[in-house]
Amino acid sequence: MVRLFIAGTGHVGLVYAVAFALDGHRVVGADIDAGTVAAVNRGEVPFHEPGLPEALKKARRTKRARFSTDIAESAKAAEVIFLCVGTPSRPDGSVDLSQVSAAAKTVGEGMGSAPGYQVVVVKSTVLPGTTQGVVRPALEKASGKDAGPDFGLCVNPEFLREGSALEDALRPDRLVIGAMDERSAKALLKVYARTKCKRMVTALRTAEMIKYATNAFLATKVSFANELANLCDAFGSLNVDEVVEGMGLDPRINPRFLKAGLGFGGSCFPKDVRALLAGGRERGYESRVLRAVLELNDYQPMRAVELAAEAAGPLEGKEVAILGLSFKGGSDDVRESRAIPLAKVLLERGAAVRGFDPEANEAFRRAVPEVEIAPDVKTALARADVCIVHNDWPQWRDLTAADFAEMRRKVVIDGRRILNRAALEGIEFVTLGG
Ligand code: UDX
């Protein structure tokens, strides 16, 4: 059992607080947002994450997890401290480190009066050099202690996918640990003593880069699949899923993350690719690959608009229904959802836009208030001239021609290649990527 403190109880921090408590550690999670802390202390999870509410209740029953708003005091009592705060994009794509700096300062203040050696672990996604150049001095200044003899420093990126985040935290397939010295690494490895998976211990900067490289590569795979889908359409009579299946027969190519769609969204891929591109640029290197990955991701929702206009004619005055508003099926998160630019362009073209999502309706209403939110699929589709399927909720697979019966004109653009075409007789059906 290790005494842990988690600074930041957002999606990542809360998942880890619960997972570490279930692993047998004694965990305190803290956040400056009093509302979040109060909700979590009532056993409520403020976002959609399957299994997490039950796991949180279990962790609280065992009395191994508690939550507070007092970051400094909580940091004082811990052996290992995780920084799990956000690193959002600034308008120019570069990383906004204000939450990291503020958390490091408050944690440092608590560490100042801690009796023994502590290790601070950066789980937030930060560019190479940030832990050494920003976090370390903030901790040293606030605590009056020296990194090395008095406290240790690690970087331990998370690879949690929304929707399976708890499972990813409890049973990761790898651990990447950047450490300033052996003592820091040893203390962090103790936290993961019961975790069975591959582990790599490396320098702080390398671990920071591994996180960006991983997300940038996966985002590149998705953009590549999307490019292939568009090329399949250009050649005609080609099905991108079959092409990808064939590519996947080559053992050097892993077929995962090659599912074509209307672009990637979410809290990580767009932000991390932008940050790596901007970070390179600041240092005098322009990444052509990353620039192209983002360029295609911006274009991809427009592709659905083009397909819709090709099939249904000019969109001015038309009613368009978007099925799926969150950035991916299984999530209520609309951050960087490609449904946002999709809806905005449709509105700009003069269409009336209605949307429906099983979980993300309210969040999307706040993101694009001009879109009418429908309470169910049937209401979204009634009188529509065009339907665009944006994300990959599994229930879209069960839709049949009857669900589309009340459309005025039955033009359906399957942006996620998810509908069951055998059940869609009588529909003008257009699939991105054949
Ligand atoms: C991602 C990473 O997977 C995770 O390791 C990291 O820590 C955080 O970012 P997440 O944002 O939850 O997780 O979503 P993910 O499932 O990776 O999907 C990202 C986006 O790519 C979604 O918009 C998704 O729809 C899209 N995608 C993914 C595709 O379009 N095709 C694919 O084959 C896979």
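The dialogue below walks through the ligand site, salt bridges, backbone angles and a surface patch of a predicted model.

User: Where should I begin with the ligand, and which residues are the closest to it?

Analyst: A reading of a ligand site can start from the residues around the molecule. Here 18 residues surround the ligand, and the closest are Glu 162, Lys 259, Gly 265, Cys 268 and Lys 328. By class, this shell holds 9 nonpolar, 2 polar and 7 charged residues, and its largest share, 3 residues, is contributed by α9.

User: Which polar atoms of Glu 158, Gly 265 and Arg 416 lie by oxygen atoms of the ligand, those of the side chain or those of the backbone?

Analyst: For such contacts one looks at pairs of N or O atoms within 3.5 Å. Gly 265 uses a polar backbone atom, which is 2.9 Å from an oxygen atom of the ligand, whereas Arg 416 places a polar side-chain atom 3.1 Å from a ligand oxygen, and Glu 158 likewise has a polar side-chain atom at 3.3 Å from an oxygen atom of the ligand. As for cover, the ligand on its own has 660 Å² of accessible area, of which the protein covers 93%.

User: Turning to salt bridges, how many does a search of the whole structure find?

Analyst: The criterion is a side-chain nitrogen of Lys or Arg within 4 Å of a carboxyl oxygen of Asp or Glu, and the search finds 29 salt bridges in the whole structure. Some are joined to one another: Glu 319, Arg 354, Arg 383, Asp 385 and Arg 408 are linked in a network.

User: Which parts of the chain does the salt bridge between Glu 79 and Arg 3 tie together?

Analyst: The closest N and O atoms of Glu 79 and Arg 3 are 3.7 Å apart. Because Glu 79 lies in the loop between α4 (71-76) and β4 (80-83), while Arg 3 belongs to strand β1 (residues 3-7), the pair ties together parts that are 76 residues apart in sequence. Glu 79 is partly exposed, at 25% relative accessible area, and Arg 3 is also partly exposed, at 38%.

User: What does phi show at Lys 63 and at Glu 336?

Analyst: Most residues other than glycine have a negative phi. Lys 63 instead has a positive phi near 60 degrees, in the loop between α3 (52-61) and β3 (65-68), and is exposed at 66% relative accessibility. Glu 336 also has a positive phi, of about 60 degrees, and lies in the loop between β9 (319-323) and α13 (339-348), where it is partly exposed at 26%.

User: Which residues make the nonpolar surface patch?

Analyst: Leu 231, Phe 235 and Leu 238 make this patch, which has an area of about 320 Å². Of these, Leu 238 is found in the loop between α9 (204-235) and α10 (240-247). Patch residues need over 30% relative accessible area, and Leu 238, which is partly exposed, has 36%.

Conventions: Residues are numbered from 1 along each chain as its sequence is written. This is a predicted model: local features need pLDDT of at least 70, side-chain atom pairs count only at pLDDT 80 or more; totals for chains, interfaces and linings use all residues. Side-chain values use heavy atoms; hydrogens and water are left out. Patches are made of residues with over 30% relative accessible area and no salt bridge: like charges are joined within 9 Å, nonpolar side chains (Val, Leu, Ile, Met, Phe, Trp, Tyr) within 5 Å. Accessible areas come from the Shrake-Rupley method with a 1.4 Å probe; for residues, only the protein chains shown count as cover. Helices (H or I, at least four residues) and strands (E, at least two) are DSSP runs, numbered from the N terminus. Buried means under 20% relative accessible area, exposed over 50%, partly exposed in between (1.4 Å probe, protein chains only). A residue is near a molecule or strand if one of its heavy atoms lies within 4 Å of it. A polar contact is a pair of N or O atoms within 3.5 Å; within protein, one must be able to donate a hydrogen and the other to accept it, and residues adjacent in sequence count only if both atoms are side-chain atoms. Ala, Val, Leu, Ile, Met, Phe, Trp, Tyr, Cys and Pro count as nonpolar, Asp, Glu, Lys and Arg as charged, and the others, Gly among them, as polar.
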